[in-house]
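Reader: Please take me through a few features of this model, giving the criterion for each and then the case at hand.

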Amino acid sequence: MNAIEIKDLTVAYDSKPVLWDIELKIPQSKLAAIIGPNGAGKTTLVKSLLGLVKPVMGQVEIMGNQQKIAYVPQTASVDWDFPTTALDVVMMGRYGHLGFFKRPGKKEKALAGKCLEKVGMEAFASRQISQLSGGQQQRVFLARALAQDAEIYLLDEPLKGVDAKTEAVIMELLKGLQRDGKTVIVVHHDLRTVEANFDWVVLLNTQLVGNGPVKDIFTKENLEQTYQMDRKVG
Amino acid sequence: MAILLDHTFQIVALGSGMLGLISGVLGTFAVLRKESLLGEGVSHSALPGVVLAFLLTGVRQTEVLLLGAAATGLLAVFFITLIVKYSKLKFDSALALIMSVFFGFGLLLLTHAQRIPTASQAGLSRFIYGQAAALLGRDIHLLLWVSGGILLLVFLFWKEFKVFSFDPEYARVIGIPTVRIHVLLSLLIVTAIIVGLQTVGVVLMSSMLIAPAVAARQWTNRLGTMTLLAALFGIISGVVGTFLSSTLERMPTGPAIVVIATSIALISLLVSPNRGILQGLLKRSRLRKEGI
């Protein structure tokens, strides 16, 4: 069973292609890394999977439905000065399940608390989010995704700029999700840690360079091609 | 002080207080979404609508004039959106351009309309700086009903407004219909601006949205508390401003209300704990001393 299936996907901003003719399948229960240089379209690929960008061409199929995806955006993408606490942010992960006119209650609060515990942030529950360090903010975002209780987890550079301790906590959690049968897809930038942490890899540079198990695809030749490929297409 | 017992004053103060309340509540979202300037555009652009509605219908009922206001206010937003989408102009330039054209056109029409004898009776000029004393009983009724509706909708869609204001992309991912939520929130903000025009006037109405919310943000890190505080600051500004305008001769209500609202905001910016400017200066000087 494939968790996601992308057919013939092309995405462009202002007629400049960011993703070109992508064919991609990621099987269920994989811990996958999306690798590629800056501007390779990694974030765009994630946003296409989430239905946040409109493709020029092609299709994205998600096992189950869109509601089954949890998302951890790049930490820079939100207003950290927003008047809200860590626990409050995690509770937002339940909003989609609640439906209209229903308010989060004790049940949601308890669940959010548990998710904060899983990322080791329970002591910071009532902290305003701008008073957290970068790594702590990342963990709060991860807890929010956990609260969504999804089948597929999409994370955009969750390890960017975090300390070693946070990195270990996050990777351990992601591996735990995989053990529970979830599919985890991570935009990743650190080539040195790919083999230790992931079992599936997607090499991307506007076009797809490689997609498959790490041991087959994460080769020197493929990486050279990914990082040196002439990015002009068409 | 006898004026406080005056029935007319009480009614008018009730209206201004209610207006302050909804301005505070919706201003919270406008400020957090960094869309408060849009309010400025809508309110200024409402002026030609008010005058046109009067010129076309000859009616001076508030509902008709406010419908005209809403029409040109929304038209201006539509133009601004078009310009941003199809030209290289940025939002602020598009806003400034459209707003000044509409407002200028409104003043032109108003000058023309003032020559018509019935127009001065219609009191169109009150829409520039606001005149709460000119509010009629039925105007207040309208204001109360609209405010009630706005508050109910904010209550019902609270969590949607909240997650949409904080992280709109995420809201979409978890299945919130963000386009509809955005439209609803913008419509509520526009409605609050339109019903406030008579009291506060087109020139200053947007301050009524911004000032209480900015003040409230200084005192709390929770959205619920911030909204309640902004509502409270709005009520205080509305009631005290109306009182000032009723006691001082020839004092329009809008400026009086806005002076109170911005004073609260200024004090909050200066002295609030954690986020206050004074607190920041104190902390810095203490650190510097310890450093030496």
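**Charges over rings**

Author: R144(A) lies over the face of F141(A), 4.5 Å from the ring centre. The criterion is that NZ of Lys or CZ of Arg is within 6 Å of the ring centre and within 35 degrees of the ring normal. The model is predicted: local features need pLDDT of at least 70 and side-chain atom pairs 80 or more, while totals for chains, interfaces and linings use all residues. Residues are numbered from 1 along each chain as its sequence is written, chains are lettered from A and ligands numbered from 1 in the order written, and side-chain values use heavy atoms, without hydrogens or water.

Reader: Over which ring of chain B does the charged end of R144(A) sit?

Author: That ring belongs to Y170(B), and the distance to its centre is 3.4 Å.

Reader: How many aromatic pairs does the structure hold?

Author: Rings of Phe, Tyr and Trp (its six-membered ring) pair if their centres lie within 6.5 Å; planes under 30 degrees apart are stacked, over 60 edge-to-face, the rest tilted. Over all chains there are 11 such pairs. One of them is F101(A) with F157(B): the centres are 5.5 Å apart and the planes at 65°, so this pair is edge-to-face.

Reader: Why does that pair join two chains?

Author: F101(A) is in the loop between α3 (95-98) and α4 (106-118) of chain A, and F157(B) is in the loop between α7 (137-156) and α8 (158-166) of chain B, so the pair joins two chains. Ring pairs also link F100(A), F101(A), F29(B), F157(B), W158(B) and F161(B) into a cluster.

Reader: Is F157(B) buried or exposed?

Author: Buried means under 20% relative accessible area, exposed over 50%, and partly exposed in between (1.4 Å probe, protein chains only). At 14%, F157(B) is buried. G149(B), in helix α7 of chain B, has 31% and is therefore partly exposed.

Reader: What is the strand order in the open sheet of chain A?

Author: Strands (E, at least two residues) and helices (H or I, at least four) are DSSP runs numbered from the N terminus; two strands pair if DSSP finds at least two bridges between them. The order is β2-β1-β4 in chain A, with antiparallel pairing. The edges are β2 (16-27) and β4 (57-62) of chain A, each pairing on one side only.

Reader: Which bridges hold β1(A) to β2(A)?

Author: Eight bridges join β1 (residues 2-13) of chain A to β2(A). I4(A) stands opposite I26(A), and I6(A) has L24(A) as its bridge partner. The two strands form a hairpin with two residues between them, where D14(A) in the turn has a positive phi of about 50°. On the other pairing, β1(A) and β4(A) share five bridges, with E5(A) partnered by E61(A).

Reader: How does the span of helix α6 of chain A compare with expectation?

Author: The expected span is 1.5 Å times one less than the number of residues. For the 16 residues of α6 (residues 164-179) of chain A that should be 22 Å, and the end C-alpha atoms are 23 Å apart, which agrees. Its buried residues include I170(A), L173(A), L174(A) and L177(A). Just after α6(A), G181(A) takes a positive phi of about 90°.
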